[in-house]
Amino acid sequence: MSVLLYRGPDWDFDLIKRVHEACGEIGIKEMGLDPYPNQIEVITTEQMLDAYASTGMPLFYRHWSFGKHFARNEAMYRKGYQGLAYEIVINSNPCLVYIMEENSATMQTLVLAHAGYGHSHFFKNNYVFKQWTDADGILDYLEFARGLIAKYEDRYGQEQVERVLDAAHALQSHGVHRFPRKRMPDLRSEELREEERRRHGEQLFNDLWRTVPVGQKRKAGADEDAKRKALLGLPEENLLYFLEKTAPRLKSWQRELLRIVRLINQYFYPQRQTKVMNEGCATFTHHRIMNRLHEKGQIDDGAFLEFLHSHTSVVLQPAFDDRRFSGINPYALGFAMCNDIERICTKPTDEDREWMPDLAGRGDPYGALCDIWANYRDESFVSQFLSPALIREFGLFRVVDDEDEEEMNVAAIHDERGYRNVRRALSKHYDIAYRDPDIQIVDVDLAGDRKLILNHRVLDGVLLEENDAQKVLQHVADLWGYDVKLVEADDAGDELAEHTASPRGVLA
Amino acid sequence: MHIIDRRLNPGGKSFANRQRFLRRARAQVRKAVREASSHRSIKDAGKGGEVSIPAGGVHEPVLRRSTEGGVRDYVLPGNKKYIQGDGIPRPDQGSGQGSRASDSGEGEDEFRFALTDEEYLDLYLEDLELPDLAKRQIAGAEAVQWRQAGYSSDGPPARLSVPRTLRQSLSRRIALKRPKADEIRQLRDEIERLEREGGHFEELVKLRADLEHRILRSKRIPYIDPVDVRYRRLESTPKPIAKAVMFCLMDVSGSMNEHMKDLAKRFYSLLYLFLNRRYEHVDVVFIRHTHEAQEVDEQTFFYSRETGGTVVSTALFKMEEILQARYPISDWNIYAAQASDGDNTSSDNSVVLQQLRDVILPVCQYYAYVEVGMDDEEEPPGGAGEPSTNLWRAYRRVSVDAPFAMRRVRHRRDIYPVFRELFSRRTEAAEGI
C-alpha cells in the first residue's frame, strides 16, 4: 500500500515533485490524459497581482491599461473584497503553471492536478487550440513584442505608441479571424494542381465545344463594385486585420503594433470559446485525481476534507435569485457535465439511452471524455451533451425579455417540452459569433473621399452601446485617416442607427 | 518537470504600467487628491491612501451590445416555481440580470485605487514652486561640483583616458596603413622557409625588400603618437545648496487661542512638508514671543502657555541672532513663516518694519505672514476682507518687490488654498531668472 505523500500544510520542492509524480500516475496511467510537460513556477502574491494585470501572461508589453487593472485588483485584494487565484496556467509548451507560495500542501496538490494535468491536457488536445494557437512560440513572441514596442517608444515617443495601442485595444475583440483562412499555396502544390487541371482538361477535351456560340459577356460596370470589394477582401470582419493591411496613412511601425495586438488576441481566442469545457476538464481531472489519491492512501482524511471544502466552493452554482448569483459558473457547469457524461457511459437510464444513444452504456468513460475534450467547444459541447437530467438538476429555465412586452416571459423550463429549447438557448450563449456584435467593414469609397463604411448586423434589435461605439469608431477613424461611418441595420435591411467619426489629426 | 522558484525575482513588474496609468489620469487624480486632503488631518497630509476618480477618463471602450432594448434571452439556474408561459415582472432598471453583470467593471461610475505616499505627495504638491529658488543658488556659487564633460587633447597625466587614446591610435594606424606585427612575422617566416629550402632567389630578394620596407614603415608610423592622446575633461557646475532652514515665528500671548495655534500649526506643517521635498536637509527653528522672544522646541512651541504683552520685533531680533550664530547665508536657504493674531504694541510697529526690511528680508528666500483669526469672526464692515489689525497695517507697507507675502486665515479649510496661493508657480518669475 502507498504511503502518505505529506502531512500537514507545509510543502517544499521535493514534495511538489513527488505530488506531481503521484498525480501523473493517476492522470496519465489511469485516465489516459496526454498533457504537455509541465514547468512549475512558484510565485508570491505580488507577482500574482502582476500577472493578473497582464492578462495572466508572465511578460507583456507596457501599457497604461495594465496599470489600471493592477491598481484595481490591488485595491480589491488589499481590502479583502477579492481573493487571488491559486494558480495561473499558460497555454505553452512546456505548460507553465504558476502556483502561489502561500498555498498549503493540499492546495498545491489540487493545483497541480487541476492545471498541470487538466488544463494542460485540454490545451494540448482540443482542436480549437490546435487550430489557433502556437503553444511553442507564444512566450518568444511576447518577448519579441515587448522589446519591439519598447523600441518604438524610444524612437517615436510613448504618447504616439500609446495612441495606436489604445486604438488597437479598443478594436481587439474584432481583431480575430474566426475561420481558418485559405493558406497561400506553395509553388510545389500549385504545380501539382496545375498539372491536374490540365489532365482534367485533356480528358474532357472535345472539339465541339469550340463551335458552341458564346453568349454576351456580362456588363463590365455592374460588377465593378464587387470587383473592388474583392480586391480589398471585403466584407471583412477582422477590423484590425483590415486596417493593418489597408489603412492608407499608417506607417509601417504602426501597422506592426496593430499586428502584435491582433496576434496576441488571436492567441486568446480559443480560451474564450472553451471556458466551460476547459474548466470542466480541469475540475473533473483534479476531482478524480484527489479522490484516487485518497483511496490509495496517499493523502490523509484531513487533507481530503480541505480539498472538498475548496472544491465545493469552486463548483458552487447559486440560484438566479441568490445574492451571490453572477451568471452560470463555468466550473460548476463544466464539472457537472463531465460527471454526467461519465454516469451516462457507465450507468445510463432509459432517458439517457434515448437522448444520447452513442454514449449511453458504452463504458470507457475516460475515453469518451478525452474524445469530447478534443473535438468540441463550449457551444457544441452544451448543445450535444447537456442531458435532461442535468437540466433538471440545475433547474435551468429560459426567460425571454422583449422590450415591447409588459413583462418578461418564461419561455421554457426543465420539463419534457422545454429540454431542447433550454439547451439550444444555453448553447447559443456560448457561441462567440452570437455573443460579440457582428461588425464588418463593407465598403470603401476609394474614388471619392475614402470614407470607410462599417456595418453592424443587428440581432434581436439590440443596438451597440452608444457611447462606447462612438469612442471606438473614433479610434477607427484615427487609424484609417479618413472619415468612417458605422451603420446598424437589421436583417430586414432597416437602418436603426448610424455613427460617424472623423480622424483627429494624422497619427504622427 | 521543472520547478522554478520565482519568488526572488525582482518585484514591481507593474510599476512602469502604473506610472503610465497615473500619467494618463493625472488631472483627475490630482483633483481627487486635493479633495481628499481637504478633510484629512494635517499629520496625514503626506500619507498615501485611497482615492477615487471618475471612471470615464480611464475608460477602455470596446464594441459591445447595449444593455438595454431589443429582445433578450437568458438561461438561468435554480428555477423553483415558474412554469412555461409565466410572466415575471421586470426587475428595476440597472440591477438587471446577473448574466449580464459586467466582468470588467466598465459600468462603474468611479474607479478606486490606492496611491503610495510618494505618489500622493507628488500630486499634492505639484505645481508649487519655491519662490526665488535660483537666486540663492547663484549667490552661493562658491560650492562647485565637477562633472565629466567629454574629452580634451591636453590635461594632466592622471586624467589620461586609455580607451579613448587607443581608439584614436587605432584609427590613425588604419588610416595610414601601418603594417601589422602579424604580417611582418609571417613575412619573416616565409623568408626563413625559403632560405632553408633554398627557394627561388629572385623571389627571396623581393620578399626581403618588402620586409625592409614594412619594418621601415612601421617605425615611421608610431604605435601611439602624441596626437592620439586624449584626456578626460571635467567641467565645473555650481552646486546648489541643498540645505534650508525654516523659521517658525509665533505670537503666544494670551490673545492667541487654541484654534489659532492649530491653524498656525497646520500652515507650518505644510511648509515643512514642502521644503522637505525640495531640499535634502531642512532645519526647523521655533521662536515664540510675547513681549520677549525665546527659541524653544516643538512641544513647547505649540503647547505651552505663556503670558505677557506682545512685542513682535523681539522675535525678529531673535531670528537675526540665530541666523548669525548658526546659519551663514552662503550655506543655507532661509525661509520664515510668522503666525499671529495681528496684535502688536503700537510703538513696536515701526521697529518691526525696519528690522524686517533692512535685516530679515534681504537674506530670506521667502517670508510668509499668516494672520490667524477666529472661525466665527465677522467679516469687517465694508466687505473688502481686509483686516485692520496693527501688524497687518504695518506689514502692508513692505514693498511689493520683497520676497514677502501675507494672508489671513480663519478656517482650517482655508489653509491649503492659502498655501497654494502663496507658493503657486509663477511662470513669468521663472522665466525672469
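## Strand pairing between the chains

In this predicted model, strand β5 of chain A (residues 408-412) pairs with strand β4 of chain B (residues 87-88). The two strands are antiparallel and are joined by two bridges. Within this pairing, A:Asn409 lies opposite B:Gly87 of β4(B).

## The contact between chains A and B

Chain A contributes 78 residues to the contact, and chain B contributes 53 residues. On the side of chain A that touches chain B, the most residues come from helix α3 of chain A (residues 64-78), which supplies 11 residues. Sorted by class, this side of chain A holds 36 nonpolar, 22 charged and 20 polar residues.

## Domains of chain A

Chain A is divided into three parts: domain 1 covers 13-126 + 274-310, domain 2 covers 315-433, and domain 3 covers 437-501. Taken over C-alpha atoms, the centres of domain 1 and domain 2 of chain A are separated by 26 Å.

The contact between these two domains takes 15 residues from domain 1 of chain A and 19 residues from domain 2 of chain A. On the domain 1 side, the elements giving two or more residues are α4 (105-125) and α12 (275-295) of chain A. Helix α12(A) provides the largest share of that side, with nine residues. By class, the domain 1 side comprises seven polar, six nonpolar and two charged residues.

## The four-stranded sheet of chain A

An open sheet in chain A is built from four strands in the order β6-β7-β8-β9, with mixed pairing. Its edge strands are β6 (438-444) and β9 (495-501) of chain A, each of which pairs on one side only. On average, neighbouring strands of the sheet are turned by 20° against each other, direction ignored.

Which strand does β8 of chain A join through six bridges? Strand β8 (residues 484-490) is linked in this way to β9(A), and the two run antiparallel. Strands of a sheet pair through backbone hydrogen bonds, in either a parallel or an antiparallel arrangement.

## Composition and contacts of chain B

Chain B contains 14 helices and 13 strands. Of its 433 residues, 26% are buried. Among the contacts in chain B with a separation of 6 or more, 82% are between residues 24 or more positions apart.

Notes:
Residues are numbered from 1 along each chain as its sequence is written. Chains are lettered from A and ligands numbered from 1 in the order in which they are written. This is a predicted model: local features need pLDDT of at least 70, side-chain atom pairs count only at pLDDT 80 or more; totals for chains, interfaces and linings use all residues. Two strands pair if DSSP finds at least two bridges between them. Axes are lines fitted to C-alpha atoms, for helices over the stretch in contact, and angles run from 0 to 180 degrees between N-to-C directions. A residue is buried if 20 or more other C-beta atoms lie within 10 Å of its own, exposed if 12 or fewer, and partly exposed in between; C-beta atoms are placed from the backbone. Two residues are in contact if their C-beta atoms, placed from the backbone, lie within 7 Å. Ala, Val, Leu, Ile, Met, Phe, Trp, Tyr, Cys and Pro count as nonpolar, Asp, Glu, Lys and Arg as charged, and the others, Gly among them, as polar. Domain bounds come from an automatic or database domain assignment.
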